[in-house]
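This briefing is for a reader who is new to the structure. Please look at the sequence and the model first, then go through the points below.

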Amino acid sequence: MVGAHPEVMRRLVETNNLHTVGYGCDEFTAKARELILHACGFEKGAVYLLEGGTQANAVVIDRLLDHNDGVIAADTAHINVHEAGAIESNGHKVLTLPNHDGKLRAEEICGYIKDYRNDDTYIHIVRPAMVYISYPTELGTLYTRDELESIRKVCDEYGIPLYIDGARLAYGLAAECGELQLKDVAELSDVFYIGGTKCGALFGEAVVTRRPELLPRFASLIKLHGATLAKGRLLGVQFCALFTDGLYEKIGKHAIAMAMRLKAGFVEKGYRLYIDSPTNQQFFVLPNEKIDSLKKIASFELWGPRREKETPVRFVTDWATTEEDIDTLISAL
């Protein structure tokens, strides 16, 4: 990973010697909240700035659920596979359903909740009390508007909140085939977060809700989780930069352009896609010897354990990826 977008760094340096109130009670954080609410199309709502995605997920889910409740998620969901049990450590079980290209299906969510409510032994079973999805998913795929509206309908039918993890939201919004804009994500979810760490900031995520009553005493819960940043203005300054002059959108579009260039290069060289992602995460199946040689010139991950002959890998583009970076990698194939 690289650091922050130059414009974000410029604003951090410019404001470095200012004296402000701590813990997010400063003018920059207030301005960031105002910019975010406006971008979401909300006249009313709430925005909370936290330093990381795992912290955001853990605190939001802890607030939305009772102590012995569970959260429905895809088996590939970040909270299930890549957060080291952070959700379970708070007394909330992750209730997994099969993923379909990384996504949940509304009818399967509905079926799971119905089965729970129709079970005579329900008092012994963890209650499914919210739904978690990410946009994009862990596999870089996107929900269509119809898919998300169908999940929203199920949540409304059973009176449970829908929470959207937006760690890579900029790239979902910028994808050519994407059907959702920021205002759609804001309207169709009960709570979601706008990712900064993976989208141009040094660190930071913005938790947003159109229903502040769902997050009572949320600032205190953030503190309880050890997720309150004393120098809170550092978060405010970064989100002010990201939501000024369309920077967040520009970051997303650039990363998508580079990802599509990367995908085209691999496909032209005859390599197989592991999944056809329209976003900044690109997955390929490579021979192990090719993986070993590419590791000398590029940064990427094995997607799962190394296999006997060939292994899925993940490449990720961002604001700092250049055409030269892509061309050098493709030529090495």
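Gly-41 is located in the loop that connects helix H2 (27–40) with strand E1 (46–50). The model is a predicted one, and Gly-41 comes out as partly exposed in it, with a relative accessible area of 48%. Although Gly-41 and Leu-182 are 141 residues apart along the chain, their C-alpha atoms are separated by 8.7 Å.

**Overall fold**

- The protein chain contains 13 helices and 11 strands.
- Along the principal axes, its C-alpha atoms fill a box of roughly 55 × 55 × 35 Å.
- The radius of gyration of the protein chain is 20 Å, which agrees with the value near 20 Å that a compact globule of 333 residues would have.
- Among contacts between residues at least 6 apart in sequence, 69% join residues at least 24 apart.

**Burial and surface**

- Of the 333 residues in the protein chain, 53% count as buried.
- The protein chain exposes about 15400 Å².

**Aromatic pairs**

- A search of the whole structure gives 10 aromatic pairs.
- One of these pairs is formed by Phe-266 and Phe-315, whose ring centres are 5.4 Å apart.
- The planes of the Phe-266 and Phe-315 rings are at 50°, so the pair is classed as tilted.
- Phe-266 belongs to helix H11 (residues 247–268) and Phe-315 to strand E11 (residues 310–316), so this pair ties together parts that are 49 residues apart in sequence.
- Phe-266 is buried, with a relative accessible area of 0%.
- Phe-315 is buried as well, with a relative accessible area of 4%.
- Phe-266 and Phe-315 are also members of a cluster linked by ring pairs, together with Tyr-271, Phe-284 and Phe-300.

**Charges over rings**

- Lys-295 has its charged end over the ring of Phe-300, 4.5 Å from the ring centre.
- Phe-300 is also one of the residues in the aromatic cluster described above.
- Lys-103 has its charged end over the ring of Tyr-143, 5.9 Å from the ring centre.

Terms used: Residues are numbered from 1 along each chain as its sequence is written. This is a predicted model: local features need pLDDT of at least 70, side-chain atom pairs count only at pLDDT 80 or more; totals for chains, interfaces and linings use all residues. Side-chain values use heavy atoms; hydrogens and water are left out. Rings of Phe, Tyr and Trp (its six-membered ring) pair if their centres lie within 6.5 Å; planes under 30 degrees apart count as stacked, over 60 as edge-to-face and the rest as tilted. Helices (H or I, at least four residues) and strands (E, at least two) are DSSP runs, numbered from the N terminus. Buried means under 20% relative accessible area, exposed over 50%, partly exposed in between (1.4 Å probe, protein chains only). A charge sits over a ring if NZ of Lys or CZ of Arg is within 6 Å of the ring centre and within 35 degrees of the ring normal. The radius of gyration is taken over C-alpha atoms; the globule rule is 2.2 Å times the number of residues to the power 0.38. Contact means heavy atoms within 4.5 Å. Accessible areas come from the Shrake-Rupley method with a 1.4 Å probe; for residues, only the protein chains shown count as cover.
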